[in-house]
Amino acid sequence: MTDSPRADPPFGGTLAYIDSVIPALVPSEQRVARAILESPEDVAMMSAADLAARTGTSNATVIRASQSLGFKGFQHLRLLLLRDIPSRTEQEVVDHEGAPREWLPSMFRAAGEELANALAPLDFDEFDRAVAAMAGARRLLIIGNGGSAPIAQLATLGFLNSSRPSEAPADAIIQQLAARSLGAGDVCVCISGSGSNPVTLSSAEAARAAGATVVGVTGYQRSRLRELSDITLVCGSAISKWSTGLITGNVAHVLLFAALELAISAAGGLPPTDPAVMDGVMTLVGRDPDDAASGEVGDIT
């Protein structure tokens with residue numbers, strides 16, 4: 001089945017969108033998609049026959065790959081590649097050779113380039129649905145394992161700070177028990193960059209069976225997590241482009257949750273930060289709450 005985006009990817013985001021769909025394609029379609037990612041300017045000037053010859057496929061495969069990626073056809077894809085040419089700069093190369101002071105700046109610049117297009121796969125209608133569901137939830141359970149575990153913990157702290165209490169148990173068994181105890185009116189947010197972490201998927205299945213709304217946060221358009229989710233937020237798919245791409249994807253998800261926290265606070269007519277909660281945090285970390293009011297915020301991590 002072909003999933004079409006609700007709208008064209010934003011300016012400069014076509015390649016990031018394509019990258020988020022690649023794992024779900026069949027091998028011949030993946031060859032076409034990877035050729036597009038490797039030489040987008042060249043492909044923008046090609047015919048379907050040209051791209052088929054370059055990838056060792058057929059005209060039909062090129063057209064089918066374009067549609068599987070979510071575009072109307074190859075011509076639609078070409079138009080978006082042409083549209084995005086002005087936004088593209090030369091890819092930052094991170095070779096990690098020499099002293100860290102020589103390659104660390106380029107590493108951060110490369111991360112910034114990846115983050116700039118991290119939202120390309122996001123469906124903003126789905127984001128609005130997630131905000132409404134999470135703002136009105138009786139219980140809000142957040143599940144994250146492996147590399148996504150720290151994101152779940154940061155999200156819980158953020159929601160607490162914005163007066164939207166949530167829970168994010170770190171233990172997998174407790175996650176399962178918590179998911180099974182949910183019901184109608186509750187929301188379970190499951191985070192998995194790949195969309196295929198089996199521990200997280202088990203909690204998603206349990207929450208769904210219990211009647212809760214499942215919100216999936218992932219880096220790829222098509223995955224088992226998306227199948228289990230009532231609402232899916234896709235962003236930050238750049239896992240394999242460079243050596244720290246996994247970190248970049250996690251940072252994108254941290255930013256996404258920060259946006260959710262702000263939107264949920266606004267939906268409830270609440271300030272983005274609850275002063276009482278911040279005072280409590282400052283007390284716990286040994287800082288005078290008055291320092292926070294003056295802008296001297298302590299380390300709450």
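This report walks through one predicted protein model, from the whole chain down to single residues.

**The whole chain**

The chain has 301 residues, and 48% of them are buried. Its secondary structure comes to 15 helices and four strands. The accessible surface is about 14,300 Å². Carbon and sulfur atoms account for 58% of that surface.

The four strands form an open sheet. Their order is S1-S2-S3-S4, and the pairing is parallel. Strands S1 and S4 are the edges, and each pairs on one side only. On average, neighbouring strands are turned by 15° against each other, direction ignored.

Here are the strands and their residues.

| Strand | Residues |
|---|---|
| S1 | 140-144 |
| S2 | 187-191 |
| S3 | 213-218 |
| S4 | 231-234 |

Look at the pair S1 and S2. Five bridges join these strands in the parallel sense. Gly144 stands opposite Ile191 in S2.

**Helices on the sheet**

Helix H8 covers residues 124-135. It lies across S1, S2, S3 and S4. Its direction runs at about 125° to S4. Helix H9, residues 149-161, also packs on the sheet. H9 touches S1 and S2, and its direction makes about 155° with that of S1.

**Helix H2**

Now turn to helix H2, residues 27-38. How far apart should its ends be? Each step along the helix counts for 1.5 Å, and the expected span uses one less than the number of residues. H2 has twelve residues, so it should span 16 Å. The end C-alpha atoms are 16 Å apart, which agrees.

Which residues of H2 are buried? They are Glu29, Gln30, Val32, Ala33, Ala35 and Ile36. These buried residues pack against five named helices: H1 (14-21), H3 (40-44), H4 (48-55), H5 (59-68) and H6 (74-84).

**Phe11 and its contacts**

Phe11 lies in the segment before H1. What does Phe11 touch, leaving out residues up to four places away in sequence? Its partners are Arg83, Asp84, Pro86 and Ser87. Phe11 and Leu81 are 70 residues apart along the chain. Yet their C-alpha atoms are separated by 9.6 Å.

Technical notes. Residues are numbered from 1 along each chain as its sequence is written. This is a predicted model: local features need pLDDT of at least 70, side-chain atom pairs count only at pLDDT 80 or more; totals for chains, interfaces and linings use all residues. Side-chain values use heavy atoms; hydrogens and water are left out. Helices (H or I, at least four residues) and strands (E, at least two) are DSSP runs, numbered from the N terminus. Buried means under 20% relative accessible area, exposed over 50%, partly exposed in between (1.4 Å probe, protein chains only). Contact means heavy atoms within 4.5 Å. Two strands pair if DSSP finds at least two bridges between them. Axes are lines fitted to C-alpha atoms, for helices over the stretch in contact, and angles run from 0 to 180 degrees between N-to-C directions. Accessible areas come from the Shrake-Rupley method with a 1.4 Å probe; for residues, only the protein chains shown count as cover.
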